[in-house]
Amino acid sequence: MKTLFINIKELIQVENKPKAFVSGKEMSTLPTLKNAYLLIENSIIKDFGEMQFLKEFNAAKTVDVKGKMILPTWCDSHTHIVFSGNREQEFVDRIKGLSYEEIAAKGGGILNSAKQLQNTSEEDLYKQSAKRLEEVMKLGTGAIEIKSGYGLTKEAELKMLRVIKKLDANYPITIKATFLGAHALPRTFKTNKSAYLDMVINEILPIIAKENLADFIDVFCETNYFSVDDTERILKAGSKYGLIPKIHVNQFTAIGGVQAGIKYNALSVDHLEAMRPQDIEALKNTKTMPVALPSCSYFLGIPYTPARKMIDAGLPLALASDYNPGSTPSGNMNFVISTACIKMKMTPEEAINAATINAAYAMGLNKTHGSISIGKKANFIITKEIPSYGFIPYSFGNHQIEKVFIEGLEI
Ligand SMILES: N=CN[C@@H](CCC(=O)O)C(=O)O
Ligand SMILES: [Zn+2]
């Protein structure tokens, strides 16, 4: 069935020749058409253009969106939305002065979430996670990556990945799954990290590959978590099964994680709050997308990824939410782009590029998502009546979304 949207005040992120991503200065250009139409057929974008060139399309339905804008849905390339319970108590502990690292050292943090998840049935975990998925879809997210990493045992990691698979089967949103077995060291392996890595590599990975439970492989490459050597071991093992790296690096300390990611052709390196000049340099002319997670910096009160330095050095940058119970209990991509503008000094154009086309690339979806382009998925947001697209990040803490369409269906 064809549906035609007419009188679009501004159609944002239009592409005639789709690009893989935009970098450096290119990020400050956001291609748009004023007074436009958009034609979709079932789940696909069929045509778009200026109203003055509107042809007869024999659409079954015509929708007049006068005064409103249309833009592609957000792509959230880094989340941990499959988790159990919450970590509200740690939130209060941090308000009272404890750091994220101190809380983790006391047995809180990732191990706290792992304990809760291990004691949760697959059915209950699915219900808790589906609620969050529905919430972020309403907030304009049209493609999402979800990680394991709160299981930390064979059974619990597989439980998480099966929940992700079930979400993918039951919802129209495109979901990419990432295996993050090396997220933290379980207490039972406290003195034997290499035995834990053996278990991840020799016992969990083969089952994941056999059941086709993941697209990507991730490691928390960080002081007191997993070293660069540990990271390389995991990435090498993952690559034997065709799992592409997307890794957590440089959140608190710069220990060479960026370089390890590049060495193993990571699709993305994420967090990057602690960036040295050589880390920025290493990313130049690579196919690895740097991903910033400003809501995490906001919530933990840690430095923001130096977006200006990176973009001004000619790098691309993507934005994601990092939705998780410990460092970012929010999956609101509208807040992410506002925070990127306010705290990281990205312009609205840069932030929207970072949360659409570059974010689609960071999750291997740039051919189908991330822009308004003929043949791509009919994934788009219809805004409220707003004066300009800059109003979206400007009106922080709010959102300007009236309707969300995913694969041509209104959510
Ligand atoms: N930094 C590692 N992993 C998550 C947070 C994990 C947690 O605190 O539960 C992140 O991306 O911020
Ligand atoms: Zn994360």
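Tutor: Two residues are in contact if their C-beta atoms, placed from the backbone, lie within 7 Å. By this rule T62 touches L4 and I6, with residues up to four places away in sequence not counted. This is a predicted model, in which local features need pLDDT of at least 70 and side-chain atom pairs count only at pLDDT 80 or more, while totals for chains, interfaces and linings use all residues. Residues are numbered from 1 along each chain as its sequence is written, and chains are lettered from A and ligands numbered from 1 in the order in which they are written.

Student: Why is T62 called partly exposed?

Tutor: A residue is buried if 20 or more other C-beta atoms lie within 10 Å of its own, exposed if 12 or fewer, and partly exposed in between. T62 has 13 such atoms within 10 Å, so it is partly exposed. T62 is found in strand β4 (residues 61-64), strands being DSSP runs of E with at least two residues and helices runs of H or I with at least four, numbered from the N terminus. Between T62 and L39, 23 residues apart in sequence, the C-alpha to C-alpha distance is 9.2 Å.

Student: What makes strand β7 mostly covered?

Tutor: In β7 (residues 141-147), seven of seven residues are buried.

Student: What makes up the largest nonpolar core?

Tutor: A nonpolar core is a set of buried Ala, Val, Leu, Ile, Met, Phe, Trp, Tyr and Cys residues joined through C-beta atoms within 7 Å. The largest has 122 residues, of which L38, I70, L319, A340, A355 and A359 touch the most other members. Helix α12 (residues 333-344) gives the most to this core, seven residues. The core draws at least three residues from each of domain 1 (2-72 + 371-410) and domain 2 (75-362), bounds that come from an automatic or database domain assignment. Among the contacts of L319 are V336, I337 and A340.

Student: How do the two domains meet, and which residues take part?

Tutor: Their C-alpha centres lie 29 Å apart. The contact takes 28 residues from domain 1 and 29 residues from domain 2. On the side of domain 1, α15 (391-394) and β15 (401-406) give two or more residues, β15 giving the most with three.

Student: Which residues surround ligand 1?

Tutor: A residue is near a molecule if its C-beta atom lies within 6 Å of it. The shell holds 13 residues, the closest being I110, F220, N324, G326 and S327.
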